[in-house]
Every structure is written in structure tokens, then in C-alpha cells.
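Me: I would like to go through this model term by term, asking what each label rests on.

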Amino acid sequence: MSTFGRKSLIWWDYENRSKENAIRFYHTPMDIQLEILEKWYPIGSKCHVIRPFPRSEKFNYVISGYTKHTSYYSIKVDPIDPDKYRSTHKKQHLNPVKVMISPDDLKRIKRESKLDRLGF
């Protein structure tokens, strides 16, 4: 297992949105990528898609699954209210670096990770 993969399973840096971090994720073995996504980007979490020129900072997407490509996994997000955002928001498949988890879900995910490390 790569150093990136080992460290990512212990703790994920949600603030590192660099291109290098995205490339490291794509170069991690696929089974480790899936473990990272299941642990740090659980299905059902509300999120916001990072764009170069954001229109809003609302958490108007929900993680609905993971898509397996030839050599990597991506996060599948769906709009929370598809009728309201029909023209501008559609289903997307994204690198985890481009997804910002809502503060409430982020707190829950980090708490669960700390409890797992403590053995609870």
C-alpha cells in the first residue's frame, strides 16, 4: 500500500484541494480508493461541489454512490432538489478533492473515525 493510501485511511485532509492531492488519489490502488471514499465520503452526506467560480456555497448535493472507472473511482453526487435546480445542477462524477462535505456531516464523520481508532 502506498504511503498516501495508508495515511488517508487514518486521517483525511479535507482542506487540501490541490491538484497534486487529486493525482495522488487517482494513483492509489483502486481497492484503497474505494475504502477512502467509503470512510471519508459516506453515501447520504450533504455536500457542495467546488468550482472555479462558485455561484453559491450551499450544500445542495448529496453523495449517492461511487462510480468505478477503468483505473479510478469517483464520487457520484445528485442534487437534493432536482426540480428546483433542473437547468444548472445535474448528476456528476467527481474527484473527492472537488467535494466539500457539510459541516454537520464532517463533524459526524470525524467523530466516528476517532471512535474507531479508540476501539469503540
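Reply: What follows sets computed values against the definitions behind the labels.

Me: What kind of model is this, and what limits apply to its values?
Reply: This is a predicted model, in which local features need pLDDT of at least 70 and side-chain atom pairs count only at pLDDT 80 or more, while totals for chains, interfaces and linings use all residues. Residues are numbered from 1 along each chain as its sequence is written, and side-chain values use heavy atoms, with hydrogens and water left out.

Me: How many helices and strands are there, and in what order do the elements run?
Reply: The chain has 4 helices and 5 strands, where helices (H or I, at least four residues) and strands (E, at least two) are DSSP runs numbered from the N terminus. From that terminus on, the order is α-α-α-β-β-β-β-β-α.

Me: What makes the pairing of R108 and D105 a salt bridge?
Reply: A salt bridge is defined as a side-chain nitrogen of Lys or Arg within 4 Å of a carboxyl oxygen of Asp or Glu. For R108 and D105 the N to O distance is 3.4 Å, so the pair meets the 4 Å cut-off. R108 and D105 are 3 residues apart in helix α4, and are therefore separated by about one helical turn.

Me: Which residue forms a salt bridge with R108 at 3.7 Å?
Reply: That residue is E112, with 3.7 Å between the closest N and O atoms; E112 and R108 are both in helix α4, 4 residues apart, again about one turn of the helix. The whole structure holds 2 salt bridges, and D105, R108 and E112 are linked in a network of them.

Me: Why is D105 called buried, while R108 and E112 are called partly exposed?
Reply: Buried means under 20% relative accessible area, exposed over 50%, and partly exposed in between (1.4 Å probe, protein chains only). D105 has a relative accessible area of 13%, so D105 is buried, whereas R108 at 26% and E112 at 40% count as partly exposed. K114, also found in helix α4, has 45% and is partly exposed as well.

Me: How do you know that the buried residues of α3 lie on the same side of the helix?
Reply: The buried residues of α3 are I32, Q33, I36, L37 and W40. They cover an arc of only 140° around the axis, which puts them on the same side of α3; the arc is that of the directions from the helix axis to the C-beta atoms. Their cover includes α1, α2, β2, β3, β5 and α4, with contact meaning heavy atoms within 4.5 Å.

Me: What makes a set of residues a nonpolar core, and which residues touch the most other members of the largest one?
Reply: A nonpolar core is a set of buried Ala, Val, Leu, Ile, Met, Phe, Trp, Tyr and Cys residues joined through side-chain atoms within 4.5 Å. The largest has 22 residues, of which W12, Y14, Y41, V77 and I101 touch the most other members. α3 gives the most to this core, with 4 residues.
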